[in-house]
Structure formats: structure tokens, C-alpha cells
Amino acid sequence: MEFAHADETFFIESDDQPRQPCIDARAAAKMIARQRQDVIGSELSRQAADDYLDDILKHMQTMEDETLPDATLIDMQREIQWYMRPYLIDFLVEAHAAFCLLPDTLFLTVNLLDRYCSRRVVYKHHYQLVGCAALLIAAKYGDKKDRVPQISELANMCCGLYDAGMFTQMEMHVLNTLEWTIGHPTVDFFSQLLVAYEHDDKEVDCMSSYLSEIALYHRDFVSVKPSTMARASLAVARAVLGRPEAMDREMDHDETTVAELISEYLEQPSPTLARKYANPNAYRVSHRLAEFVAARAAAIAQAQRAANPPSPPAEILSKESNIYSTPHKPHVPNPYEGYLTPPITPDGVNFGNVAKDSYPMPRCPVTPTPQQHHASGYAQHARHVGMPNQQSFHQQ
């Protein structure tokens, strides 16, 4: 509906007209009462959590063992390859940010995706559909009702490649495959517990979340326990930001191994994820990480130069020569004794007529081209990821 004319007094307050309250007194009283109930409920939940914290942690550790995906089973997929994973994770990160979902929802989404891919054969053109179904299930599980994405919105984000029936059918298929076991203690859950217990600041918490989401892109972290990932990412975050390490507990072997593995994937994070953590609300931790990586690379290069200094050019001076005099070419009495340095260009009447093929030039080794299936995989992924074959989908 279009207005015929613009009302210039719409944004101007007039003293002649009395101001109307935005809400009445009854609605304001209900809002205040609801806020008080939320505060009381949060305090009671905190007290109960303190009393039952040990039991809660034992239950969460049992759950993370039962709902941990197996990367070796995903290796057996025929069409889904690991180089396709960053493209789908980028899509899920953008969709998660677009709907303003909880941080826990993203980790639960990837967990549902990996668990499904470790149990069912997934076709290449259904990979994005499975990711959308996992996001939809995770949002319904933990987020508020008004934040849950609509199927029409997900269909628009997929450029209309899937219809509403395919989203609904895949959502039910994922739930049945996982036997309706959705609950999973995520990395964000353990990170919040550790941050509160070890009194880390918000910047460390944000950097730890950034590192944990970087790990979502790589196969090496698929089968890592969330509790181990949370402690390892916090340790690396403190090292990046120059914070002191927690002194109450030392990391075990698995946590140390994961922390070292995380430090190997810091150089080239996803641009999509880097933009997410480049805003001031996230303390610009992506910029801090880039500065840390650059400083580390410079320190390594300097250490290598110090360990292996370049050899100075050797100068051969005669005993009678003066170091302040200009050096001259030494006189060679017999040009056929030994080899001169540099070698003399051959001369003669027939030198200019020698064919070029008689002096073959050395050739550098040709850079090997990527394997055929990798090269075609990226091109096929750009064309087929998210492109449905509805007939083959309904035949599954």
C-alpha cells in the first residue's frame, strides 16, 4: 500500500496534542512482574546448578560420548568429500547470524549434521538440504520460538532449489536416523562453565568461541569431545591475547594435542567467519588473531635467520694487495691450464652458426596440476551443492 502524500508532522511532536503513553499501566505492570520472575528464576536455577553441578557434569560427559560423531564413518561417503565442508559451514554460519540464533545452536547444528552423515549415505546435491534440516532442528531445540527460521526463509536462502516438502521430509528423516536424540553438550556449554569458573574476561571468551568455530571447518576436530575442545580453545585464546594460563589445573595429553592442532589452523580462517568476529561487539578478535599470526610468522623467520646466517661472499686477495686498492683481474699465463671462473664464452668462426638445439637449456619441473577429481569437485560443487534432484531424493 502506498500513501498519496507524506505527512511531514509524523515525526514532529506538537505541544498542542497531549502525549499518549506507549503502553497502559496494566501492560507495564505485567512486564515488570515478568522481569522479576525471570530474575528470580535465574537465581534459583543458579543455586540449583551449584548444588547439582557434579551430577550435571557427569551426565553431560556421558552424553558427549554417546552423541560424538565418527569421522572415519564420514570418510566412507561416496559423494561427500571433505573439501565440500567449508562451503556448507560458511552457509550455516551466515544463516545462523541472519536469524540471530544462540551460539549453542551453531555447534548443535554441526553435530547433528556430522552424526547424520556418519549413519546415512548423503548425495552431493542433498548436502545443503541436510545442513538446513539440522539448523532447523537445532533452532527448535534451543532457541526461542520467534527466532526459529521458517521453511520459506531457508528456501529463499537456498535460492529456491528445494521446495517446502523436501525440507519437511529431510527434517523427519534426520530425526528418525538419530532416533530423536537431539541433546548434545556443545563446546559453548563447557566454555561458559570454564569461563565462569576460571574468571576469564569477555575478550578471552569471544576469542575462544572464534577458535572453536574455526575448528568446525576441519575434519581433525569432528571426533574431538566438546569438553576437550573447550579447554584447548580457551588455552589457545589466552596465549593469543597474552593472558596468563589458569593455574588450578594442567591440561592433559588430549587437551594439549588439540591445542597444538588448533594453533596449526590459525593462518587462513574462513573469510565469512572472520567478518563475523570483526565487529566491535566481538572485540574484533579476528583482527587480533591475524596480528598474532603475523607476529608469530615474523618471529619464526627471524629465528631461522639467526640459526642459519647467510655465508658472506669470499674474497681472495693476494698477499701483496692492498685492501684499499681496486682489485684487478689476475693475469693467466696459460689459458689452457685448468678452468677459468667464470667460464669463457667460446669463440671461433663457426660459433655463431651453431644450432640452438645443440645446446639444450635445462627445463624447470612443471608444477603438477591438481588431480582430476579435485579440480572437477570444486567446479561440480559450485554447480551442484544445493541443486536438488527431487526424483532421486524422493526415491531414497
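Is phenylalanine 221 buried or exposed? Select it and see: at 8% relative accessibility, phenylalanine 221 counts as buried, where buried means under 20% relative accessible area, exposed over 50% and partly exposed in between, with a 1.4 Å probe and protein chains only.

Before moving on, a word on the model. This is a predicted model, in which local features need pLDDT of at least 70 and side-chain atom pairs count only at pLDDT 80 or more, while totals for chains, interfaces and linings use all residues. Residues are numbered from 1 along each chain as its sequence is written, and side-chain values use heavy atoms, with hydrogens and water left out.

**Stop 1: aromatic rings**

The ring centres of phenylalanine 221 and tyrosine 265 are 5.6 Å apart and their planes stand at 70°, so the pair is edge-to-face. This pair links distant parts of the chain, 44 residues apart: phenylalanine 221 sits in the loop between helix 10 and helix 11, and tyrosine 265 in the loop between helix 12 and helix 13 (271-276). Tyrosine 265, at 23% relative accessibility, counts as partly exposed.

The rule for such pairs takes rings of Phe, Tyr and Trp (its six-membered ring) with centres within 6.5 Å; planes under 30 degrees apart count as stacked, over 60 as edge-to-face and the rest as tilted. By this rule there are four aromatic pairs. Another one to select is tyrosine 162 with phenylalanine 167, an edge-to-face pair at 5.9 Å centre to centre and 85° between the planes. Both tyrosine 162 and phenylalanine 167 are buried.

Helices here are DSSP runs (H or I, at least four residues), and strands (E) have at least two; they are numbered from the N terminus.

**Stop 2**

On a 1 Å grid over the protein atoms alone, a cavity is a set of points where a 1.4 Å probe fits but cannot get out; a pocket is an open set with protein on both sides within 12 Å along at least five of seven lines; and lining residues have an atom within 4 Å of a point. Grid points are joined across faces, edges and corners, and a volume is the space filled by probe spheres set on the points.

There are two cavities of 30 Å³ or more. The largest cavity holds about 240 Å³. Of its 19 lining residues, Val187, Leu216, Phe221, Val222 and Val224 lie nearest the centre. Helix 5, helix 10 and helix 11 each give two or more residues to this lining, and helix 5 gives the most, with four. The lining of the largest cavity divides into twelve nonpolar, four polar and three charged residues (Ala, Val, Leu, Ile, Met, Phe, Trp, Tyr, Cys and Pro count as nonpolar, Asp, Glu, Lys and Arg as charged, and the others, Gly among them, as polar).

The second largest cavity has a volume of about 40 Å³. To find it, select Phe107, Val187, Asp188, Ser191, Asp205, Ser208, Ser209 and Ser212, which line it. Helix 10 gives the most to this lining, with four residues.

**Stop 3: an open pocket**

Next, select Pro103, Cys206, Lys276, Tyr277 and Ala282, which lie nearest the centre of the second largest pocket among its 19 lining residues. The volume of this pocket is about 430 Å³. Helix 10 gives the most to the lining of the second largest pocket, with five residues. By class, that lining has nine nonpolar, five polar and five charged residues.

**Stop 4: salt bridges**

Finally, select arginine 231. A salt bridge is a side-chain nitrogen of Lys or Arg within 4 Å of a carboxyl oxygen of Asp or Glu, and the structure holds 13. Arginine 231 forms one with glutamate 198, the closest N and O atoms being 3.1 Å apart. Arginine 231 lies in helix 11 (residues 226-241) and glutamate 198 in helix 9 (residues 187-198), so the pair ties together parts 33 residues apart in sequence. Arginine 231 is buried at 14%, and glutamate 198 is buried at 13%.

Arginine 231 also forms a salt bridge with glutamate 255, at 3.7 Å between the closest N and O atoms.

Glutamate 203 is buried at 15%, whereas arginine 288 is partly exposed at 30%.
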